[in-house]
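Here are a few friendly notes to read alongside the model. Please keep the ligand in view as you go.

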Amino acid sequence: MNKKGINKKELMDVLNMHDISPSHPRYRSLLLRDKMAQAYREGILADSALIAHGRGEAFDYIFGEKTNPPAIKAIRAASATLLLAENPVLSVNGNTAVLAAEDMVELASLLPAKVEINLFYRTPPRVVQVERVLKNAGANEVLGKEGDDFLPLKGLEGPRSRAHPEGVYIADVVLVPLEDGDRAEALVALGKKVITIDLNPLSRTAKKSSITIVDNLVRTIPLIINEVKRLRECSRQELEEIVMEFDNDENVSSSLELISEYFKRDEDS
Ligand code: ATP
C-alpha cells in the first residue's frame, strides 16, 4: 500500500493500457504490448519473447508504425511466391501466435498452406499453449506439436533443428515471421525460399532471407492476405515476373535508408 491507499495491483490496473484513451498516440502499440505481457503471464511466451517484441517496437517507432514502400514491395513478391509454391508452410512462433493467430490461420486456408509450430525456446507446455491458441483461431491441422514426428534440418542443432516431415522439412516456401538468423540461413541453404517479417533490417534474418518484409507482422499478414486475394487472378508467368523483379538486398537497403532519413530529419529539426 502506498500513502494514498492504493496497493500495487490497483496501481497496475490504473496504469493498465486499457485505461489509456484510444486517442493516445501509442495506443495501438500499448495494446500489443499488453497482449504480449498477458501472454507471458499465461505461460504462452518465454521472457525473451518480450525482449524481442521490445526490439521490434523500437524499430517500428522509427518506421512511423506504418507499412512503408519497401515493405509493400516485399509483400507483393512474398504473396506471388506463396501462390507459386507447391508446399508452402507458415511457421508460427509464440509472438506470431499471440499477435496474429487468426490472420495466420486465414492465410493458411486461403493459399492453402500448412501451419507448423516453431519455438525458439521450445518447452512442452508452451507448445501445447501455442497449439491451443492456433486451434482457437480456427486452425484444423497444426504441425510441430508435442509428440509429432520430426526430422533434423541440416546445419542446425537441438530443438531449433526440428522440422515436421510433412511441413517445413519438405516445404519449398516457408513464411517465418521473427526467425533467427541461423535458422533462416539453414533453410535457405536447403534450397527453400524463406519469407521473413522482421522490423530490424540489420538482423541476420533480414539479410539471409529470400524475401524480407521490414514491417510489423500485425500489419503485414492482413496485407499479404489482401495481396494473395488480388494476385490469385494472375497467371503463373505474371507471378514469376513479380518474383524475378524483386531484389531483396536492394529492398532491405531501402528500409535502412528510411532509418537514416529518420535520424537526419531529427538532426535538422
Ligand atoms: P538475428 O539472429 O536475425 O540477427 P535475433 O535472433 O537477434 O536476430 P531476436 O532477438 O530473436 O533477433 O528478435 C526478433 C526480431 O524480431 C527482432 O529483430 C525484432 O525487431 C523483430 N520483431 C519483434 N517483434 C516484431 C513484430 N511484431 N513484427 C516484426 N518484427 C518483429
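The points below walk through the ligand and its surroundings.

1. A word on the basis: this is a predicted model, where local features need pLDDT of at least 70, side-chain atom pairs count only at pLDDT 80 or more, and totals for chains, interfaces and linings use all residues. Residues are numbered from 1 along each chain as its sequence is written, and side-chain values use heavy atoms, with hydrogens and water left out.

2. Start with the shell: 18 residues surround the ligand, and the closest are Gly181, Asp198, Arg204, Thr205 and Asn216 (a residue counts if one of its heavy atoms lies within 4 Å). By class, six are nonpolar, seven polar and five charged (Gly counts as polar).

3. Next, look at the polar contacts (pairs of N or O atoms within 3.5 Å). An oxygen atom of the ligand lies 2.9 Å from a polar backbone atom of glycine 181, and a polar side-chain atom of arginine 55 is 3.2 Å from a ligand oxygen atom. At leucine 217, a backbone N or O atom is 3.0 Å from a nitrogen atom of the ligand. On its own the ligand has 640 Å² of accessible area, and the protein covers 85% of it (Shrake-Rupley method, 1.4 Å probe).

4. Which elements give two or more residues to the shell? They are helix H3 (47–62) and helix H8 (204–208), with H3 giving the largest share, four residues (helices are DSSP runs of H or I, at least four residues).

5. Finally, the ligand lies between domain 1 (8–62) and domain 2 (69–257), because both give residues to its shell (the bounds come from an automatic or database domain assignment).

Technical notes
Polar contact = N/O pair within 3.5 Å; in protein donor to acceptor, adjacent residues only side chain to side chain.
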